[in-house]
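This report describes selected structural features of one protein model. The sequence and coordinates are shown first, and the discussion follows.

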Amino acid sequence: MQDDLEVVPVSGPTTTGDAVGAPCWLSLSARDLEAAERFYGAVLGWTFRRGGLDDAFAVGELGGVPVAGIAPVAAELAVPVAWTAFFSVADADAAVARIRERGGTVGVGPVAYPPRGRAALATDREGAAFGVWEGPTESRWHVDEYAAPAWLELHTRDAFEAAVFYGEVLRWTEGSPGRLEVSYEQDKVVLRRDGEAVARLNSGPVESASPRPQLRPRWLACFRVPDPRAATEAVVAHGGSVVQGGDWGGVRGPEDSDGRRVAVRDPDGALFTLAVAEERKA
């Protein structure tokens, strides 16, 4: 996002980083940087390069292509260890004002990151955490449902209501360069750019106060791996755990029982999903 917390690209077919309102980065708030590097390196095959902040920030790369960032700030800031999705905005102050006007909560920021931009952390009306970023982003940042190593899903009570909130906050579908498209499909909302899906909003039985993270409203980071079963074994071998019942804690049925998609936690409790890398659908 800047020289210290830079926004960098994710490999995949669908470019999102230069589109206002689109996802532009994934970040993990960790307790121990070296421990996180060991875990995600073993599970996802990432290698790491250190960024700024006296090397207290790491960029995870797959095949030399950056995928996400890790910063050991959870203990310092007294925040949960968690993955956070950031979205590009033209004006962080205006975006923060829209979040508050529409019933969301701003927890941090906007905070300046000289010389490149500004960021804020917030939650939507249901309590799902997300971030906004104002400033230059890497135009090669990619995310895609099938081929890219990262994919984003919002799990929320009402996907259509959430789409109104995010659409107004992030200015989806407005006539700007790289315009995004929103389609309503059964109980889902799909965000697309140039016809390709870049994120999905899902309706389901969430509980804001649930002690189980998989049942709370959230943006879920899904990482593609060649073999989810082998990656799941690596999760357990390196101190993580499998989330029984999958993404929705078993309340939506055995839709992921074929092993092609597995919900897991890292050793500090950060929730994410492993999914098999697939051929892009026509």
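Pro110 lies in strand S6, which spans residues 105-113. The peptide bond between Gly109 and Pro110 is cis, with omega of about 10°. The model is a predicted one, and the values below are computed from it.

Two residues other than glycine adopt a positive phi: Arg171, near 60°, and Gln186, near 55°. Arg171 is found in the loop between H5 and strand S10 (180-185), whereas Gln186 is in the loop between S10 and strand S11 (188-193). The table sets out phi and relative accessibility for each.

| Residue | Phi | Relative accessibility | Class |
|---|---|---|---|
| Arg171 | near 60° | 32% | partly exposed |
| Gln186 | near 55° | 76% | exposed |

Gly21 is placed in the segment before strand S1 (23-29). Gly21 counts as buried because its relative accessibility is 0%, under the cut-off of 20%. Although 151 residues separate Gly21 from Trp172 in sequence, their C-alpha atoms are 5.8 Å apart in space. When residues up to four places away in sequence are not counted, Gly21 touches Phe87, Ser88, Leu170, Trp172 and Leu180.

The next topic is helix packing. The axes of H4 (residues 92-101) and H5 come within 8 Å of each other and cross at roughly 150°. H4 is therefore roughly antiparallel to H5, as the angle is over 145 degrees. The crossing of H4 past H5 is right-handed. On the H4 side the contact involves Ala95, Arg98 and Ile99, which meet Phe165, Glu168 and Val169 of H5. The residues of this contact comprise four nonpolar and two charged, with no polar residue.

Which residues does Trp219 touch, not counting residues up to four places away in sequence? Trp219 is in contact with Ala85, Phe87, Ala128, Ala129, Phe130, Leu152, Glu153, Leu154, Tyr166, Ala199, Arg200 and Leu201.

Conventions. Residues are numbered from 1 along each chain as its sequence is written. This is a predicted model: local features need pLDDT of at least 70, side-chain atom pairs count only at pLDDT 80 or more; totals for chains, interfaces and linings use all residues. Side-chain values use heavy atoms; hydrogens and water are left out. Contact means heavy atoms within 4.5 Å. Axes are lines fitted to C-alpha atoms, for helices over the stretch in contact, and angles run from 0 to 180 degrees between N-to-C directions. Helices (H or I, at least four residues) and strands (E, at least two) are DSSP runs, numbered from the N terminus. Angles under 35 degrees count as roughly parallel, over 145 as roughly antiparallel, 65 to 115 as roughly perpendicular and the rest as oblique. A crossing is left-handed if the near helix is turned anticlockwise from the far one by less than a right angle, and right-handed if clockwise. Ala, Val, Leu, Ile, Met, Phe, Trp, Tyr, Cys and Pro count as nonpolar, Asp, Glu, Lys and Arg as charged, and the others, Gly among them, as polar. Buried means under 20% relative accessible area, exposed over 50%, partly exposed in between (1.4 Å probe, protein chains only).
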